[in-house]
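Please walk me through this structure, starting with the whole chain and then moving to its parts. I am new to it and would like a plain account.

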Amino acid sequence: MDPALYTKYPLSVVNSLTRQKELFEPINPPLVGMYLCGPTVYGDPHLGHARSAVNFDVIFRYLAFLGYKVRYVRNVTDVGHLEDEVAGAGEDKVSKKARLEKVEPMEIVQLYTYRYRDALRQLNVLPPSIEPSATGHIIEQIEIIQSILKHGYAYEVNDSIYFDLGKYAQEQEYGQISGKVLEDLQSGSRQTEGLDEKRNPHDFALWKKASPEHIMRWNSPWGEGFPGWHLECTAMSTKYLGETFDIHGGGLDLQFPHHEAEVAQSYGAFHNHPANYWIHHNLITIDGQKMSKSKGNFITLEQLFTGDHSLLVQAYSPATIRFFILQAHYRSPVDFSNEALQAAEKGLTRLLSAQETLGKLDHQPGTLDEKLDKEINQLCERCYREMSDDFNTAKLIAVLFDLGSKINGFYHQQLNLTVISVETFQHLKQTFQDFISGVLGLQAEAGDDTQQKEGLIELLISIRNQARANKDFATSDQIRDQLKELGVQLKDEKSGSTTYSLTN
RNA sequence: GGUAGCGUGGCCGAGGGGCUAGGCGGAGGUCUGCAAAACCUCUUACAGCGGUUCGAAUCCGCUCGCUACCUCCA
């Protein structure tokens with residue numbers, strides 16, 4: 001049996017912890033444990049969610065493609081994410097939404113979890129191995145708090161538990177991922193209410209006592225309360241991946257304070273660093289600005305798919321969105337614009353039609369042209385190298401376009417297919433297929449073809465009306481009757497125009 | 001203010017001391033009944049100013065501009 005691809009194409013990744021590109025060496029190859037901080041499910045999924053999921057989907061796919069056996073855990077945050085994290089005050093995001101919509105918090109969670117999954121399915125994002133939720137792991141979270149308390153890195157005040165950053169910082173360097181220094185944070189932080197409970201303004205809640213009106217609450221050794229936001233990821237990653245695992249991912253905006261808190265919690269509970277490689281993807285901007293609720297410039301995925309948003313001049317298919325995201329490297333910011341999306345749409349079509357063309361090629365061996373044969377093999381080889389170099393999807397796509405040119409050249413007989421060897425042709429076929437479909441997860445749309453359908457019907461109506469004008473009623477009746485069989489009922493209005501309705 | 005990072009051709013975006021992606025758009029051509037598609041050619045840029053170097057878009061310094069995090073959000 002051939003050795004796994006990962007030995008042939010060793011993977012290197014930029015580790016946020018060291019800010020350097022490092023050789024990827026899993027703890028127990030071929031096993032790889034990967035954790036991604038998923039969404040807080042209290043609103044419709046938007047472009048930012050798509051980027052996170054798509055970037056890590058490709059990482060997941062490529063790791064598996066290389067021969068790793070990946071356990072990919074992507075959580076759903078359904079409790080504990082407060083509106084005002086620093087002050088430890090504010091309302092839980094989920095229960096606030098529930099209050100506003102007058103439903104149970106779990107209805108909010110159910111609705112938006114479903115919408116999130118549905119959008120990702122359309123984007124051809126593979127489901128993770130495990131998709132745990134915070135509320136399903138309250139016991140695990142309590143156990144971790146107990147362990148942190150036992151080790152002395154947390155303290156109890158009025159039935160709430162806070163992490164003791166002061167004590168932690170005496171032993172460990174806090175802020176390694178984000179480059180932040182605790183003293184700077186303290187001098188720069190604003191004064192807020194409700195800090196009196198904490199020894200240090202940046203201590204964060206592990207467990208909060210529930211006020212009487214707080215809906216989402218659980219029993220604990222410290223009375224009724226709810227877990228802090230950062231804790232769930234430590235609890236669930238530990239449960240499913242172990243105290244130290246290979247890859248921890250998330251958006252750049254989660255570096256601080258969320259991931260710093262996770263690092264601190266793991267040390268407090270297990271005296272371990274949770275993950276060997278931290279991978280952070282960059283954010284999506286619109287007109288150079290971050291997409292955010294408060295700026296009101298965010299576009300939901302549904303709006304993108306339907307085109308129903310004032311910033312959109314047309315609808316964009318899920319595949320286009322996926323391709324648009326993957327055309328940039330995951331660590332670069334991506335700026336949204338209609339122009340860029342339209343360019344992506346056309347580029348994707350080009351690539352996918354080359355893929356289709358490849359399937360039609362029939363190779364007959366002839367006289368070998370070593371130069372071309374070698375060139376094609378080298379391009380195939382580069383697909384692996386680019387992806388193994390910190391998942392460079394942008395460069396991979398560039399190589400695929402080059403291969404696409406060759407494929408078109410063969411098809412239109414501008415290049416002679418017989419001059420490459422059988423092996424090279426098979427290699428080309430396999431590589432092109434593997435990377436476009438398997439690794440990048442790009443596929444032609446089955447999706448929304450309403451516009452096309454309408455156009456086709458209108459076209460048939462106008463042909464039929466020409467036939468009627470020519471008194472060619474055999475043709476006009478044939479069009480009407482066969483359309484009816486297909487579920488399109490035509491109606492000739494008194495005004496002379498023709499309308500139609502869909503009957504199924 | 002502190003921290004991290006960025007400024008690449010008409011647009012989007014890789015790269016990151018000499019080999020100088022790719023896509024979209026634009027121009028010309030081949031093919032074609034006309035188109036379209038495809039293919040070929042052209043469209044050669046790295047914010048500014050200094051410095052290091054035989055050589056800088058790439059390294060260093062400064063200036064300007066932008067973004068993110070420090071508050072909700074991927």
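The model shown is predicted. Chain A contains 17 helices and 17 strands. Its C-alpha atoms, taken along the principal axes, fill a box of roughly 90 × 70 × 40 Å. Of its 504 residues, 51% count as buried. The accessible surface of chain A is about 23800 Å², and 48% of that area belongs to carbon and sulfur atoms. Among the contacts in chain A with a separation of 6 or more, 73% are between residues 24 or more positions apart. One pair gives a sense of distance within the model: Y174 and S353 are 179 residues apart along the chain, and their C-alpha atoms are separated by 51 Å. Y174 sits in the loop between helix 6 (165–171) and helix 7 (182–188), and with a relative accessible area of 9% it is buried.

After helix 2 comes G67, which has a positive phi near 110°.

D57 pairs with R322, and the closest N and O atoms are 2.8 Å apart. D57 belongs to helix 2 and R322 to helix 11 (residues 318–326), so this pair ties together parts that are 265 residues apart in sequence. Both ends are covered: D57 is buried at a relative accessible area of 0%, and R322 is buried at 1%. The whole structure has 19 salt bridges.

Another of these salt bridges is formed by the side chains of R331 and D390, at 2.7 Å from N to O. This pair links distant parts of the chain, 59 residues apart: R331 is in the loop between helix 11 and strand 15 (334–336), and D390 is in the loop between helix 13 and helix 14. R331 is partly exposed, with a relative accessible area of 37%, whereas D390 is buried at 1%. D390 has a further feature, a positive phi near 60° in a residue other than glycine. The loop that holds D390 runs between helix 13 (370–388) and helix 14 (393–411).

A salt bridge also joins K395 and E386, with the closest N and O atoms 3.8 Å apart. K395 counts as partly exposed at 41% relative accessibility, and E386 counts as buried at 7%. Elsewhere, salt bridges that share partners join D57, R61 and R322 into one network.

Next comes helix 3. At its start, a side-chain oxygen of D92 comes to within 2.8 Å of the backbone nitrogen of V94. The buried residues in helix 3 include K93, V94, S95 and A98. Helix 3 is followed by K102, which has a positive phi near 55° although K102 is not a glycine. K102 is placed in the loop between helix 3 (93–101) and helix 4 (105–122). With 75% relative accessibility, K102 counts as exposed.

P29 and P30 are joined by a cis peptide bond with omega of about 5°, and P30 lies in the loop between strand 2 and strand 3 (31–36). The bond from F256 to P257 is also cis, with omega near 0°, and P257 is placed in helix 9 (residues 255–270).

S16 is found in the loop between strand 1 (12–15) and strand 2 (20–23). It is buried, with a relative accessible area of 11%. Leaving aside residues up to four places away in sequence, S16 touches Q176, I177, Q255, W278, I279 and H280. With H280, the contact includes a polar one of 2.7 Å between the two side chains.

L456, L459, L460 and I463 make a nonpolar patch of about 330 Å². I463 is found in helix 16 (residues 450–469) and is partly exposed, with a relative accessible area of 38%.

Definitions and conventions:
Residues are numbered from 1 along each chain as its sequence is written. Chains are lettered from A and ligands numbered from 1 in the order in which they are written. This is a predicted model: local features need pLDDT of at least 70, side-chain atom pairs count only at pLDDT 80 or more; totals for chains, interfaces and linings use all residues. Side-chain values use heavy atoms; hydrogens and water are left out. Patches are made of residues with over 30% relative accessible area and no salt bridge: like charges are joined within 9 Å, nonpolar side chains (Val, Leu, Ile, Met, Phe, Trp, Tyr) within 5 Å. Accessible areas come from the Shrake-Rupley method with a 1.4 Å probe; for residues, only the protein chains shown count as cover. A salt bridge is a side-chain nitrogen of Lys or Arg within 4 Å of a carboxyl oxygen of Asp or Glu. Helices (H or I, at least four residues) and strands (E, at least two) are DSSP runs, numbered from the N terminus. Buried means under 20% relative accessible area, exposed over 50%, partly exposed in between (1.4 Å probe, protein chains only). A polar contact is a pair of N or O atoms within 3.5 Å; within protein, one must be able to donate a hydrogen and the other to accept it, and residues adjacent in sequence count only if both atoms are side-chain atoms. Contact means heavy atoms within 4.5 Å.
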